[in-house]
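The following note sets out numbered points on the structure shown below. Please read each point against the coordinates.

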Amino acid sequence: MGLTMQEKKKIARITSERYIHSSKSQRSVIIDEFVATTGYNRSYATYVLRYAYIKSTKPLPKKEKLHRPKRVIYDRFVASALLKIWPIMDYICGRRLAAAMPDVLDNLTRNGFLKTSVVTHDKLLKISPSSIERILKHARKDLKIKGKSFTKPGTLLKKQIPVRTFDDWNENSPGFVEMDLVAHCGGNASGDFINSLNFTDINTAWTETVAVQNKAQSNVFKGIILARSRLPFPLKGIDSDNGNEFINYHLLKYCQDEKITFTRSRAYRKNDNCFIEQKNYSVVRRFAGYARYDTAEELRLLNLLYTASRLYLNFFTPSAKLIFKQRIGSKVIKKYDKPLTPFKRVLASPDVTDSVKACLTDQFASLNLVSLFKTIRSTQKALLKFGYQKNKLLNK
């Protein structure tokens with residue numbers, strides 16, 4: 001017949017003090033004896049002995065902590081360099097910044113903006129996304145502002161323009177784009193105000209943006225022609241929402257004549273245009289903001305801003321594309337590809353000609369990232385000045 005619980009507890013109290021104050025080799029022998037006597041599992045036996053000692057009101061002897069000096073790899077020089085590079089790259093996340101680091105570091109060093117030692121330079125090339133986030137976490141500021149939608153449905157030609165959803169975008173070659181208008185009304189929808197026409201290619205994420213005076217079909221059509229002329233590859237297909245600035249006979253006939261596939265999303269289903277909806281924020285709102293723009297000078301400044309930002313975004317700013325998505329119960333698993341700039345995605349595409357790739361490579365080598373950044377910031381300041389003056393007049 002085995003021992004009772006009371007007997008086991010009594011043996012544990014007697015053995016616990018001897019166990020706690022013994023060396024490692026002696027503890028092993030004591031545990032063997034205790035396990036043989038009580039029949040406990042070895043791991044559980046060590047817990048019982050420690051608990052019995054604590055319960056006897058005798059505190060456990062404190063172990064001396066080993067204070068090992070923390071090994072610092074990314075020192076203050078790396079942090080200082082990152083704090084200079086990060087604003088130039090418009091405060092992008094660590095994963096995208098790490099992917100852009102070789103090209104950005106080369107450009108900034110070549111143009112004299114950044115001077116670092118060889119050791120710091122090598123560390124910046126090797127730094128991981130998580131290390132970047134850890135260094136920059138105290139400097140990060142997250143501002144989220146939600147805009148308004150002014151899409152008015154155009155019903156006249158809906159039956160002639162096929163519907164296309166998010167799942168239908170399976171083209172593996174450049175030239176199939178989504179487009180949308182972003183209103184610069186400043187929260188006041190009265191009168192005419194400038195809109196930004198946004199183009200983004202599904203395969204390469206190449207983005208073109210053009211400011212138009214208003215949502216008139218003729219102005220929007222001119223913007224589409226200009227955006228098309230800036231694309232580094234032929235336009236094969238466009239997909240829009242159901243706004244009457246897009247769903248009209250003029251644009252439909254143009255697409256038919258030019259052999260361009262023209263499709264539209266479902267009404268009130270923004271996820272059908274998820275690629276362009278994301279760019280509406282990351283390109284238009286982040287660069288042009290939410291103020292009201294309605295004058296000819298503001299139109300000129302916006303187009304000047306987009307002329308610089310298209311080079312900045314397409315040649316220097318990497319983006320990650322969703323390649324896999326699976327729902328397991330309430331959990332959604334997403335997998336993204338390696339962040340690449342639209343320029344590098346175009347170079348990797350077999351459907352783009354070698355002559356176009358050579359022209360883009362020469363253009364990339366001639367660009368000055370700091371100069372582009374300064375142009376963007378100076379134009380943004382000029383636009384903010386106009387917005388400030390308007391607010392001042394309204395408040396009088």
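1. Tyr-47 and Tyr-51 both belong to helix α3 (residues 42-55), where they are 4 residues apart, about one turn of the helix. Helices here are DSSP runs of H or I with at least four residues, strands are E runs of at least two, and both are numbered from the N terminus. The model is a predicted one: local features need pLDDT of at least 70, side-chain atom pairs count only at pLDDT 80 or more, and totals for chains, interfaces and linings use all residues. Residues are numbered from 1 along each chain as its sequence is written, and side-chain values use heavy atoms, with hydrogens and water left out.

2. Aromatic rings of Phe, Tyr and Trp (its six-membered ring) pair if their centres lie within 6.5 Å; planes under 30 degrees apart count as stacked, over 60 as edge-to-face and the rest as tilted. This rule gives 12 aromatic pairs. Tyr-47 and Tyr-51 are a stacked pair, because their ring centres are 6.1 Å apart and their planes stand at 20°. As to accessibility, buried means under 20% relative accessible area, exposed over 50%, and partly exposed in between (1.4 Å probe, protein chains only). Tyr-47 is partly exposed at 48%, and Tyr-51 is likewise partly exposed at 44%.

3. Phe-315 and Phe-343 form a tilted pair, since the ring centres are 5.2 Å apart and the planes are at 35°. This pair links distant parts of the chain, with Phe-315 in helix α11 (residues 296-316) and Phe-343 in helix α12 (residues 342-348), 28 residues apart. Phe-315 is buried at 1% relative accessibility, and Phe-343 is buried at 4%.

4. One aromatic cluster is formed by Phe-34, Tyr-40, Tyr-44, Tyr-47 and Tyr-51.

5. Which residues of α11 and α13 meet? Leu-311, Phe-315 and Phe-316 of α11 touch Leu-360, Gln-363 and Phe-364 of α13, contact meaning heavy atoms within 4.5 Å. Helix α13 covers residues 354-366, and its axis lies 11 Å from that of α11 at an angle of about 110°. Axes are lines fitted to C-alpha atoms, for helices over the stretch in contact, and angles run from 0 to 180 degrees between N-to-C directions. Angles under 35 degrees count as roughly parallel, over 145 as roughly antiparallel, 65 to 115 as roughly perpendicular and the rest as oblique; α11 is therefore roughly perpendicular to α13.

6. The axes of helix α1 (residues 5-20) and helix α2 (residues 24-38) come within 10 Å and cross at roughly 175°, so α1 is roughly antiparallel to α2. Among the residues making this contact are Ile-11, Thr-15 and Tyr-19 of α1 and Arg-27, Ile-30 and Phe-34 of α2. The charged end of Arg-27 sits over the ring of Tyr-19, 5.0 Å from its centre; the criterion is NZ of Lys or CZ of Arg within 6 Å of the ring centre and within 35 degrees of the ring normal.

7. Asn-214 is in the loop between β3 (207-212) and α8 (217-230) and is buried, at 14% relative accessibility. Leaving aside residues up to four places away in sequence, Asn-214 touches Asp-192, Phe-193, Asn-195, Asn-219 and Val-220.

8. Overall, the protein chain holds 14 helices and 7 strands, and 43% of its 396 residues count as buried.
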